[in-house]
Amino acid sequence: MLWSLYQCCTLSALYLASNITIFAHNFLRMQLLAFVLIYPFLWIVSILPHRLFYGLSDIACFFIYRVFGYRRKVVQENLNLVFPDKSADEIHRIEKEFYKHLCDMFLEMVKTMNLSKEAVAKKYHLVNPEVLLEIEKERSIIILCAHYANWEWNVSINNYVNSKGYAVYQKINNSYFDNFIRKTRARWNTTLITQAQTAKTVIHNFRNNVRATYGMVSDQSPQAHRAHYWTDFMGITVPIFNGGEALARKTGLATVFLKVSKVKRGHYKAEFTPISINSKETEEHEITDKFLRLTEEQIREKPEYYLWTHKRWKHRGKKPAAFADVS
């Protein structure tokens, strides 16, 4: 009887393994099919001349904003929440300009497929690269930025540094597109790493004396139960992502704020502001607080270029009792 049970379990396991293998193969085939079908369209879009390229963005904006109303309720709620003193007309103007910029930015992400180092340098101008070049002579750097203007082209900064460049990114579910994105960014001296790989990579490089520059978009909303710090952002108390500060203080890396401004359609300028040179010498939350204040200043200057579709303030009013005395 035990032998029969063993055989039954073994056969069941083999059957399950076989089905999992078949599913995995079919899943990869579907991913490949999606890549083969979508890639040519994206490639054509990426080489369109300026007028046609942004004309396509205007068409996309009409459908995304007017027809489908993509996340309009979220955008309106966020704008009214952080700008209670602005009139309804002003909020509406910001909303419209935001959607126009959002479509531009998404298409500019596609444009990256065929942008050379020389081409991106004309569209994304570094005002003061000497700030990074001077700091990297002594230590590695963590560049902190927000979801503002065009954060996709921020990785081109690594074309100007002498150290090894990394950028923290969200892995794409389609493995073929993910591999393509990795190879594309590698042309700009950038190695993409996931959030889960970041701490291991920074510490490994630190212990092996590998000079590096890391780019992190640090204004995202962490899960409330995993947050280590709550404070005000745009006047509202929310959980704050402070992983960049934690790594910088642990390893003594420098931290630099990256301010990106939209000069005109398809053209940006980037400017660096040092936050800390030796982060081991800073107080807890000092780096994060400076980053937040600089980000707020940037948003208030031109709010239409911030990512308002993101539910950044969804955890407001949920500050745990354990953080009651933490400002």
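The crossing of helix 9 and helix 10 is right-handed. This structure is a predicted model.

**Helix 9 and helix 10**

- Helix 9 spans residues 243-251 and helix 10 spans residues 286-301; their axes come within 8 Å and cross at roughly 140 degrees.
- Helix 9 is therefore oblique to helix 10.
- On the helix 9 side the contact is made by E245, A248 and R249, which meet E286, I287 and T288 of helix 10.
- Sorted by class, this contact of helix 9 with helix 10 has 3 charged, 2 nonpolar and 1 polar residues.

**The largest cavity**

- The largest cavity holds about 50 Å³ of space.
- Its lining consists of L144, S218, F241, N242, G243, G244, E245, I287, T288 and F291.
- At least two of the lining residues come from helix 9, and at least two from helix 10.
- E245, I287 and T288 belong to this lining and also take part in the contact of helix 9 with helix 10.
- By class, the lining of the largest cavity has 5 polar, 4 nonpolar and 1 charged residues.

**The second largest cavity**

- About 30 Å³ of space lies in the second largest cavity.
- The residues lining the second largest cavity are F98, H101, L102, M105, W151, Y305, Y306 and L307.
- This lining has 7 nonpolar residues, 1 polar residue and no charged residues.

Definitions and conventions: Residues are numbered from 1 along each chain as its sequence is written. This is a predicted model: local features need pLDDT of at least 70, side-chain atom pairs count only at pLDDT 80 or more; totals for chains, interfaces and linings use all residues. Side-chain values use heavy atoms; hydrogens and water are left out. Axes are lines fitted to C-alpha atoms, for helices over the stretch in contact, and angles run from 0 to 180 degrees between N-to-C directions. Helices (H or I, at least four residues) and strands (E, at least two) are DSSP runs, numbered from the N terminus. Angles under 35 degrees count as roughly parallel, over 145 as roughly antiparallel, 65 to 115 as roughly perpendicular and the rest as oblique. A crossing is left-handed if the near helix is turned anticlockwise from the far one by less than a right angle, and right-handed if clockwise. Contact means heavy atoms within 4.5 Å. Ala, Val, Leu, Ile, Met, Phe, Trp, Tyr, Cys and Pro count as nonpolar, Asp, Glu, Lys and Arg as charged, and the others, Gly among them, as polar. On a 1 Å grid over the protein atoms alone, a cavity is a set of points where a 1.4 Å probe fits but cannot get out, and a pocket is an open set with protein on both sides within 12 Å along at least five of seven lines; lining residues have an atom within 4 Å of a point. Grid points are joined across faces, edges and corners, and a volume is the space filled by probe spheres set on the points.
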